[in-house]
Amino acid sequence: INLTYRKYDSKESSTYRFCPYAVKEYAKRWYTVGLCEEKYSSKGIEKTGGIRVFALDRIQDIEVTGDVFSLNEDFDVENLFRNSFGIYLTDGKAETIRFKISPKEAKYIRDLPIHHSQRYAGKDENGMEIYEVHVCIDKNVIMEFLKYGDGIEIISPESFRQSIAETIGRMNKMYEVRAFS
């Protein structure tokens, strides 16, 4: 198909030649996953093999070309997203994030895990529960951890802990209380 699509951060639409492989839901939105010829030819065969994800609600037009494609029999949509957070494909390497979380917040992540790889790793001396997830770290992972506020603390890796601290620092500057003169 030829698919006309507009990204959130773009005023312009683009048209892509696309072979849809699967439909996937994430955070109450639906996406199509498949081979995007432009991504494949412009970057060569990369980690995602030319695979692209499009939000269905941002597709502006679809033209059926009549061309036929064969789905690679090795394609596995769940395996494709195994180390990703949500529907975000990255070329990054997955890392293990170790964190401690308050008992109150731990109830939530036991019911709704942060990631399918989440595993319980014990408790610290203050009763905080320790967990690990194995994911490719990106901005979306940072946002996910920030939503737990001061009920969560990253233990490792240090680079992720630093990214969280830097984000909180920028937020703190935005919300500084200014004295009236």
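Biologist: In what order do the five strands of the open sheet run, and what is the pairing?

Modeller: The order is 4-3-2-1-5, and the pairing is antiparallel. Strands here are DSSP runs (E, at least two residues), numbered from the N terminus. Two strands pair if DSSP finds at least two bridges between them. The model is predicted: local features need pLDDT of at least 70, side-chain atom pairs count only at pLDDT 80 or more, and totals for chains, interfaces and linings use all residues. Residues are numbered from 1 along each chain as its sequence is written, and side-chain values use heavy atoms, without hydrogens and water.

Biologist: Which strands stand at the edges?

Modeller: Strand 4 (51–55) and strand 5 (59–63). Each has a single partner strand, so one side of each lacks a neighbour in the sheet.

Biologist: What does the twist average in this five-strand sheet?

Modeller: Axes are lines fitted to C-alpha atoms, and angles run from 0 to 180 degrees between N-to-C directions. Here the twist averages 45 degrees from one strand to the next.

Biologist: Over how many bridges do strand 3 and strand 4 pair?

Modeller: Five, in the antiparallel sense, with strand 3 spanning residues 29–36. Tyr-31 stands opposite Ala-55 in strand 4.

Biologist: In what order do the four strands of the other open sheet run?

Modeller: The order is 7-8-6-9, with antiparallel pairing. Strand 7 (119–123) and strand 9 (152–156) are the edge strands, each pairing on one side only. The twist averages 35 degrees from one strand to the next.

Biologist: Which residue is the bridge partner of Ile-97 in strand 8?

Modeller: Val-133. Strand 6 (residues 94–101) and strand 8 (residues 129–136) pair in the antiparallel sense over eight bridges.
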